[in-house]
Amino acid sequence: MGAKNRKQAAGKTPATDRERSPLVPPHGKSNVRRPGRESKAFHGAHPNGLSSVKQRLGLTPSSLLKLSSLLFLAGLSGYLHWFHLSRLFENDRHFSHLSNLEKEMAFRTEMGLYYSYYKTIIEAPTFLEGLHMIMNDRLTEHPLVINTLKRFNLYPEVVLASWYRMYTSTMGYFGIPTKMCWSINRGEGLSPVDSCEGLGDPAYFYVTCVFLLNGVMMSLFFIYGAYLSGSRLGGIVTTLLFFFNHGESTRVMWTPPLRESFAYPFLVLQMLLLTYILRTRSPSRTALVALGISNLCFMLPWQFAQFVLLTQVASLFASYILGYLAAAKMQSILVTHMITLGVCFLLMFGNSMLLTSFYASSLISIWVIIALRDRFAQIFKPGIIIWLMQGLAWVGSTVLLKFVLSTILGASDDAHISGLIKSKFTSYKDFHTMMYTCAAEFDFIELETPVRYLKTLLLPVNLLVLAVITARLFQDIIRTLRHEEKASVKVDDEGGTDIVVKGELVYHSLQLLAFALLAVLIMRLKLFLTPHMCIMGSLLCSRQLFGWIGERLKHQSVVLAVIAMMAVQGVANLQAQWAIIGEFSNLPQEELLDWIQENTRPDSVFAGAMPTMASVKLSTGRPIVNHPHYEDAGLRERTKLVYSMYSRMSGETVKKNLMKLGVDYFILEDSWCTRRTRPGCSMPEIWDIEDPQNVGKIPLCTHMSRSSRPYFTTVFSNDIYKVLKVPKDHR
């Protein structure tokens with residue numbers, strides 16, 4: 001990349017009920033200053049000021065020191081993660097040297113679609129007009145008018161766009177520059193482009209906020225590990241494991257706009273609060289409200305959140321069945337989930353997928369089972385029989401209720417999920433299922449993943465922790481079945497100290513198994529498994545589980561030795577990440593987008609491969625008929641019609657399909673005709689499942705790559721893209 005030539009001189013615009021553990025901060029706000037400014041803040045303060053703070057918090061000097069060190073380490077973890085993400089993103093794309101168009105092209109597939117709505121709001125005359133535009137969108141599924149805020153979980157874009165508008169207007173009012181722009185000489189006979197950096201640049205503001213949020217996530221991650229293990233060393237182990245397995249734990253550094261980038265930090269907060277509630281004898285209403293708010297913040301940005309919460313509710317219910325969670329506490333958690341689901345349903349403008357989900361049905365069925373617990377006790381013998389019957393009742397009633405609600409509400413948007421699960425255990429295949437399973441991230445987990453876990457000792461540590469917890473669990477179960485020491489395994493509504501702690505560990509173990517099952521079935525979901533394995537790794541520092549190693553100093557020495565062994569491969573993994581140096585460039589697509597801007601009408605309608613359509617909408621503002629958000633039943637059928645171009649059907653049939661959708665131009669990519677991730681996964685082969693009568697014929701896309709006549713007219717072509725003009729129906 002050519003050197004920067006300064007174009008514009010401007011200033012550069014640079015993150016109640018208290019536990020017995022002294023590591024856990026009390027509820028309430030804390031104002032943490034940078035270490036370098038701390039002495040200034042208290043210089044000249046009232047001599048009794050610090051004592052007053054300690055008295056109000058009820059902390060001894062020793063506890064205050066531990067709390068301060070905990071918060072400092074948490075803040076340091078968050079800062080390091082933010083820096084790490086920012087560095088990887090810049091190294092991979094050379095983002096600071098890209099033009100506005102190149103930055104937009106760097107947001108491929110779903111990322112570009114989500115970012116386009118952020119762009120719409122910030123470019124609208126007012127924020128409310130921008131909000132109205134995305135709630136009455138005419139560009140995304142032409143000619144339909146859709147509420148994209150309802151369909152695509154766009155609350156993160158709405159919030160970031162409002163912050164950006166407030167930031168730029170405030171800085172503009174005070175005359176403070178917010179970005180620096182440069183002229184970039186790209187060489188190779190290419191024209192220079194303008195490149196801007198600083199929070200005044202929309203793309204910079206967007207990715208910076210995402211990385212800051214995930215920096216805060218790492219701070220919460222540290223606190224979570226420290227709280228669960230009862231040791232600051234546990235927080236350090238959790239954080240180091242995350243960094244050592246960073247490539248398996250997150251992909252936010254490569255894909256900032258994806259929904260998980262916004263949602264996952266709130267899941268970490270939600271699970272931390274849930275751990276507090278499970279560990280507390282009588283959780284306060286404040287704790288439950290906080291759990292509900294974090295639940296809501298997790299669900300609003302991501303349509304997949306309901307499946308994660310289903311595994312959580314299932315793990316909690318299993319803990320209840322085994323006697324490790326009191327009925328009253330379980331019902332309180334269920335009510336919190338129900339209220340959150342209701343609020344989310346309203347904020348998502350009545351999105352029926354929420355009410356017809358297995359998660360919603362599970363909440364109701366578990367509530368009923370707990371309400372009928374006395375009846376179960378009368379009918380079935382205590383022990384394994386009643387446990388099995390409660391489990392079967394939950395599964396049966398959840399599935400039945402889900403399909404009843406889906407039938408009543410006429411919801412079919414999540415039908416592809418059932419097909420995807422069915423394809424994992426049977427030979428079932430259809431067009432939409434193959435569109436998922438042919439993508440590597442939706443395939444079974446790759447064998448290399450557990451090997452990577454082994455090399456960083458993440459898997460051995462988790463197996464050891466799980467073995468210790470399982471051994472204690474079986475001891476309790478055997479005592480229960482033998483009717484010995486029933487009091488030690490019975491949980492009343494007050495909750496005994498030992499059992500509540502064990503119950504919390506039982507829940508985390510069950511949650512680990514649930515995440516492992518999801519990851520095995522769908523590789524993409526290892527992004528839940530790996531971080532939870534890091535959390536479970538903190539229990540290596542738990543005196544409750546591993547006090548048998550010896551006194552505290554000896555125990556800590558063993559943990560440090562394990563960390564040293566982890567670091568051998570862990571540091572190598574980090575160095576491999578830091579060695580990734582790239583530079584984004586996509587000249588064929590840039591040519592395509594420039595041609596569209598200059599040679600087509602603003603209302604010209606486009607169709608083509610889903611990733612390309614997101615870029616067309618984002619960078620040209622032209623209407624499209626299909627896009628990468630594949631979760632809507634109607635959109636799936638539209639995409640199927642568009643993708644008939646890659647089938648073996650006749651050109652006349654495909655032309656009629658496109659004319660039916662009102663398409664003016666089809667963007668043909670030869671790679672989609674020939675690309676094959678594995679046998680049976682090229683587009684023509686996928687179509688063979690749906691269109692068996694044409695098997696053996698030459699795919700239409702192959703004919704089109706040679707000559708588009710007589711069905712279409714080629715109006716643009718380069719090495720990658722070919723734009724076909726679709727004739728109008730003049731009837």
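Which residue in S7 is the bridge partner of threonine 714? In this predicted model, the partner is leucine 724.

S6 and S7, the latter spanning residues 721–725, pair over four bridges. Their sense is antiparallel. Both strands belong to an open sheet of four strands. The order in that sheet is S4-S5-S7-S6, and the pairing is mixed. Strands of a sheet pair through backbone hydrogen bonds, either parallel or antiparallel. The edges are held by S4 (606–608) and S6 (713–717). Each of these has a single partner strand, so one side of each lacks a neighbour in the sheet. From one strand to the next, the twist averages 30°.

Two helices lie across strands of this sheet. Helix H29, residues 587–599, lies across S4, S5 (665–669), S6 and S7. Its direction makes an angle of about 25° with S7. Helix H30, residues 610–620, lies across S4, S5 and S7. H30 runs at about 155° to S4.

The largest cavity holds about 140 Å³ of space. Its lining consists of 14 residues. Closest to the centre are Ser249, Thr250, Glu260, Tyr264 and Leu527. By class, eight of the lining residues are nonpolar, four are polar and two are charged.

The second largest cavity has a volume of about 70 Å³. Its lining is made up of Tyr324, Ile469, Arg472, Leu473, Asp476, Lys502, Leu505, Val506, Gln544 and Leu545. Here, the elements that give two or more residues are helix H23 (458–481), helix H25 (497–521) and helix H27 (543–546). H23 supplies the largest share, with four residues. Six residues of this lining are nonpolar, one is polar and three are charged.

For the second largest cavity they are H23, H25 and H27.

Definitions and conventions
Residues are numbered from 1 along each chain as its sequence is written. This is a predicted model: local features need pLDDT of at least 70, side-chain atom pairs count only at pLDDT 80 or more; totals for chains, interfaces and linings use all residues. Side-chain values use heavy atoms; hydrogens and water are left out. On a 1 Å grid over the protein atoms alone, a cavity is a set of points where a 1.4 Å probe fits but cannot get out, and a pocket is an open set with protein on both sides within 12 Å along at least five of seven lines; lining residues have an atom within 4 Å of a point. Grid points are joined across faces, edges and corners, and a volume is the space filled by probe spheres set on the points. Ala, Val, Leu, Ile, Met, Phe, Trp, Tyr, Cys and Pro count as nonpolar, Asp, Glu, Lys and Arg as charged, and the others, Gly among them, as polar. Two strands pair if DSSP finds at least two bridges between them. Axes are lines fitted to C-alpha atoms, for helices over the stretch in contact, and angles run from 0 to 180 degrees between N-to-C directions. Contact means heavy atoms within 4.5 Å.
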